[in-house]
Amino acid sequence: MQANQYNTAMGRIQYLMTVVCFSALLMSCEKHETPDTPWKTKDAVMPSEYVDGQTGENAVVSISSAEELVWLAAAVNGSYTGNGVTDPKFENYTFKLTANIDLKGRLWTPIGGDYVGFAGVFDGQGYRISNLNVSVGDEGFAGLFGYNEGTIKDLHLASGLVKATFSGDHVFSAPTGMSRAVTLGGGGGPFAGGLCSYNRGTISGCSNGANVTADYFLFVGGVCGHSDGIIIACHNKGAVKGLMYVGGICGMSEHEIIACYNAGMVTGEWKVGGVCGWNDYGTITACYNKGVIRGEYFIGGVCGYNDAGTLTACYSVGSAIGVITGNVGGVCGDNDEGTVTSCFWTGRTYGYIDEETEITEIRKFASGVWPEAGSDVGQSIEWGTGDGTDSGKYWKSIGAWKAGDKSVYPKLWFE
């Protein structure tokens, strides 16, 4: 009799435990957000330190959660309807990350876009943002930031996917020899980058580890899609894939790229480079590439197409692979009235190569052929060592030639 009572009691306890666990599971499921669930304005939480209309020390605001980052995006994009945002560009404000933020793979709306964006300072303070998920269509401003007119610094995008697709509203006439004609969309873009889609300000001390995939997009980069601002001391480790003007750091640059490096694979068709796809009257200084670069025409280890721009003290040790009739170079796929000084390369190149015979200051690494600060051919003051605070002193070490693929190549000051 006692055994029956015991079994009955235990049965009731097990039943109650099952009910409790099942109820908890239901509650958990109700609150669970799937990876494709978008971050929405209703998720936004205004940072407690934010006060409208402040300047100077009073305009420094901490951000420590995904919800507060959502608020910043909503405020800049004009979708936040709460009180207290009279300047959605935040020109007088500095926002500082105070913790790592996990965006959980939920769909992210970029901060700014359509040529209107953030104009303050966003200081990552060395913290990481992970699991970014961006998917945009024809309007084309894809990235953590869509449009930057301010400063983004010391921010690390650790992981994620930035994806851009076109519906195909316009037909683009492909350059002679390209393997396919391309149908493009008709939006305000197209730009895609890990940290920033379009930069008109400064991006400094940042890194990208997200993959950027924009098969039918122009202006695609690991750090930034298009820049007519400054990019300095940044690096990319994510895979980058686009159509035209594709680069490990920046798809197209019209201003400055300084002391940056790429370690990710970069794939495109036209004007594809390890650091920059198309350097349009810009300057690229003290940069290098160690990723594999693949495309068809104008494929370069550092720069795909140098259009009256300047390359100084750069190198590539990654393969540059194009088609047999395409312009391919260890440093520059094609140099069109540009200036190239003291640049080096090694690694495999495949395609039509003419740069090394035309430009005496592009040389292949070898014994006795190595960077050195100076004014002779193959040398430049931009190869100076230092901590990056002085112009030209961007390198931690210059490295040294060693036989048998054991060479130690130059490293930037922040590595």
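# Reading salt bridges and a charged patch

User: How many salt bridges does the count come to, and what is the rule?

Analyst: The count comes to three salt bridges, where a salt bridge is a side-chain nitrogen of Lys or Arg within 4 Å of a carboxyl oxygen of Asp or Glu. This is a predicted model, in which local features need pLDDT of at least 70 and side-chain atom pairs count only at pLDDT 80 or more, whereas totals for chains, interfaces and linings use all residues. Residues are numbered from 1 along each chain as its sequence is written, and side-chain values use heavy atoms, with hydrogens and water left out.

User: Which parts of the chain does the pair Asp43 and Arg106 tie together?

Analyst: Helices (H or I, at least four residues) and strands (E, at least two) are DSSP runs, numbered from the N terminus. The side chains of Asp43 and Arg106 meet in a salt bridge at 3.1 Å, N to O. Asp43 lies in the loop between helix H1 (2-31) and strand E1 (60-63), and Arg106 in the loop between strand E3 (101-102) and strand E4 (121-123), so the pair ties together parts that are 63 residues apart in sequence.

User: Is Asp43 buried or exposed?

Analyst: Buried means under 20% relative accessible area, exposed over 50%, and partly exposed in between, with a 1.4 Å probe and protein chains only. Asp43 is buried, at a relative accessible area of 18%, and Arg106 is buried as well, at 7%.

User: Where do Arg200 and Asp228 lie?

Analyst: Arg200 forms a salt bridge with Asp228, and their closest N and O atoms are 3.4 Å apart. This pair links distant parts of the chain, with Arg200 in the loop between strand E15 (196-199) and strand E16 (202-204) and Asp228 in the loop between strand E20 (224-227) and strand E21 (230-232), 28 residues apart. Arg200 is partly exposed, with a relative accessible area of 47%, and Asp228 is partly exposed at 24%.

User: Which residues gather in a patch of positive charge on the surface?

Analyst: Patches are made of residues with over 30% relative accessible area and no salt bridge, like charges being joined within 9 Å and nonpolar side chains (Val, Leu, Ile, Met, Phe, Trp, Tyr) within 5 Å. Lys and Arg count as positive and Asp and Glu as negative, while His and the chain ends are not counted. Here Lys237, Lys290, Lys396 and Lys411 gather in such a positive patch on the surface. Lys290, one of these residues, sits in the loop between strand E32 (288-289) and strand E33 (293-294), and its 40% relative accessibility makes Lys290 partly exposed.

Note on methods
Areas by Shrake-Rupley, 256 points an atom, 1.4 Å probe, with all protein chains shown as cover. Charge placed at Lys NZ, Arg CZ, Asp CG, Glu CD.
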